[in-house]
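This report goes through selected local features of one structure.

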Amino acid sequence: MEFGYFTLSDNHYDNNPRDANQFVSDITAEALYADQLGMHSAWIGEHHFNSLGVLSSPELVLSYIAAKTKHIRLAPAVNVTPLHHPIRVAEQWATLDLLSNGRVDFASGRGYDAREYEPFKVDFANNQSIFEEGMEIVQKLWAAEDRISHHGKHYQFEDVRITPKPVQKPLPAYIGSFSKPSIELAARLGYGLIVAPFAAAMSYGGLKQVADLYNETCIKHGRKPGRLMCSYFTHFYDTPQQEAAQRERQIRYYKECVIPAFPSDPKTAPPSYHYFIEMVQRLHKVRPEDLTENSVPLGNAARMTEVLKKVEAAGFSEVILYFNVGMKPHAQVKEEMDRFMREVAPNFEGKHKLRRAA
């Protein structure tokens, strides 16, 4: 199993002294450090207008990282595709794949925050349909040898061929999923799947249930199941005082960043987002002592290894680790990343072992 660095650039906190520009610089440094440590990938989220996070252009940050590295794979977490024209999405990520010598893992989703849609004048209530059509176009543009035309509900164009084309054939692509429609789309398009364990636990019961549903849906569509990945908030502690601080850090993230971003009002939430309403209700009630391995590996290396062995047994090929969540200081983030790669990663087979041996 492989391990990657992951961030949503969460910075929407009360009385927050952390400057957004400095945080984006810290994230960039952490992703470069992930490469030095032998981590497999860097997954950087897209958020706009400081609604939850502050990093709005992951493709630019990843281009910078690509120029300074040779190994780490480069991925958005995720590209909020309905906010962009699919032709432009296909062009940008194909270009990064070329410049990075085939190191892009593309991941797409429709997001969940209406506040990010409004200034772009994109229909949040109808974004599932926009998302599905956009992803089909991106896939066709990457694969097409000749010019193509498209006449759909949301997009229409004639005689288009993108340049450059991706180096990887096919370019690995994933759907970030909180819901059954997204799992269905990933299976239908032959994409891999990325899930958040805390959402999987609330919606389906756990990661194993998500894996089974995805694999069954792929078979139904005549597709070979792709790679399964999940993201985990990650916190080390060795003393009761450290445990209390880490648990409180995670709760603060839920209360101040996640709950304001998720659809929560039954009167305004689109039907395709109604499952978020119960999720928000449960997050309102969560206490530090309620945090479990369903969402957050907490503790020492032995405890994290125990949790991640279960993830591996459920059929997941990669875990992307959210170390810098909840206002965790930059120096502490780097210390925990280093500790993970020294004390936890060696307990799993993967390319990280070859990197360290070299």
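Asn11 counts as buried because its relative accessibility is 5%, where buried means under 20% relative accessible area, exposed over 50% and partly exposed in between, with a 1.4 Å probe and protein chains only. The model is a predicted one, in which local features need pLDDT of at least 70 and side-chain atom pairs count only at pLDDT 80 or more, while totals for chains, interfaces and linings use all residues. Residues are numbered from 1 along each chain as its sequence is written, and side-chain values use heavy atoms, with hydrogens and water left out.

**Residues in loops**

Asn11 sits in the loop between strand E1 (2-7) and H1. Helices (H or I, at least four residues) and strands (E, at least two) are DSSP runs, numbered from the N terminus. Setting aside neighbours within four places in sequence, Asn11 is in contact with Asn16, Arg18, Asp19, Ala20, Phe23, Asn50, Leu52, Gly53, Val54, Cys257 and Met327. Contact here means heavy atoms within 4.5 Å.

Asn15 also lies in the loop between E1 and H1. Its relative accessibility of 79% makes Asn15 exposed. Phi of Asn15 is near 50°, which is a positive value in a residue other than glycine.

Met327, one of the contacts of Asn11, has a positive phi as well, about 65°, although Met327 is not a glycine. Met327 is found in the loop between strand E13 (318-322) and H12. With a relative accessible area of 18%, Met327 is buried.

Two cis peptide bonds can be described next. One runs from Ala77 to Val78, with omega near 0°; Val78 is in the loop between strand E3 (73-76) and strand E4 (79-80). Another joins Thr163 and Pro164, with omega about -5°. Pro164 is placed in the loop between strand E7 (156-160) and strand E8 (173-177).

**A residue in a helix**

Tyr275 belongs to helix H10 (residues 275-285). Tyr275 counts as partly exposed, at 25% relative accessibility. Not counting residues up to four places away in sequence, Tyr275 touches Arg110, Phe178, Ser179 and Ser203. Between Tyr275 and Ser264 there are 9.1 Å in space, C-alpha to C-alpha, and the two are 11 residues apart in sequence.

**Helix packing**

The table lists helix pairs with the angle and spacing of their axes. Axes are lines fitted to C-alpha atoms, for helices over the stretch in contact, and angles run from 0 to 180 degrees between N-to-C directions.

| Helix pair | Angle | Axes |
|---|---|---|
| H1 (residues 20-37) and H12 (residues 330-343) | about 20° | 10 Å apart |
| H5 (residues 127-143) and H6 (residues 180-189) | roughly 20° | within 11 Å |
| H1 and H2 (residues 58-68) | roughly 35° | within 10 Å |

H1 and H12 pack at about 20°. That angle makes H1 roughly parallel to H12; angles under 35 degrees count as roughly parallel, over 145 as roughly antiparallel, 65 to 115 as roughly perpendicular and the rest as oblique. The crossing of H1 and H12 is right-handed. A crossing is right-handed if the near helix is turned clockwise from the far one by less than a right angle, and left-handed if anticlockwise. On the H1 side the contact is made by Asp26, Ala29, Glu30, Tyr33, Ala34 and Leu37, and on the H12 side by His330, Val333, Lys334, Met337, Asp338 and Met341. By class, this contact of H1 with H12 has 7 nonpolar, 1 polar and 4 charged residues. Ala, Val, Leu, Ile, Met, Phe, Trp, Tyr, Cys and Pro count as nonpolar, Asp, Glu, Lys and Arg as charged, and the others, Gly among them, as polar.

H1 also passes H2 in a right-handed crossing. Here Val24, Thr28, Ala31 and Leu32 of H1 meet Val61, Tyr64, Ile65 and Lys68 of H2. These residues divide into 6 nonpolar, 1 polar and 1 charged.

H5 and H6 cross at roughly 20° and are therefore roughly parallel to each other. Their crossing is right-handed. H5 contributes Gln128, Phe131, Glu132, Met135, Glu136 and Gln139 to the contact, and H6 contributes Pro181, Leu185, Arg188 and Leu189. The contact of H5 with H6 has 5 nonpolar, 2 polar and 3 charged residues.

**The nonpolar core**

In soluble globular proteins, nonpolar side chains tend to be buried together. The largest nonpolar core has 126 residues, of which Trp43, Tyr253, Tyr254, Phe262, Leu308 and Phe340 touch the most other members. Such a core is a set of buried Ala, Val, Leu, Ile, Met, Phe, Trp, Tyr and Cys residues joined through side-chain atoms within 4.5 Å. Apart from neighbours within four places in sequence, Phe340 is in contact with Phe3, Phe236, Met304, Leu308, Leu321, Phe323, Ala345 and Pro346.
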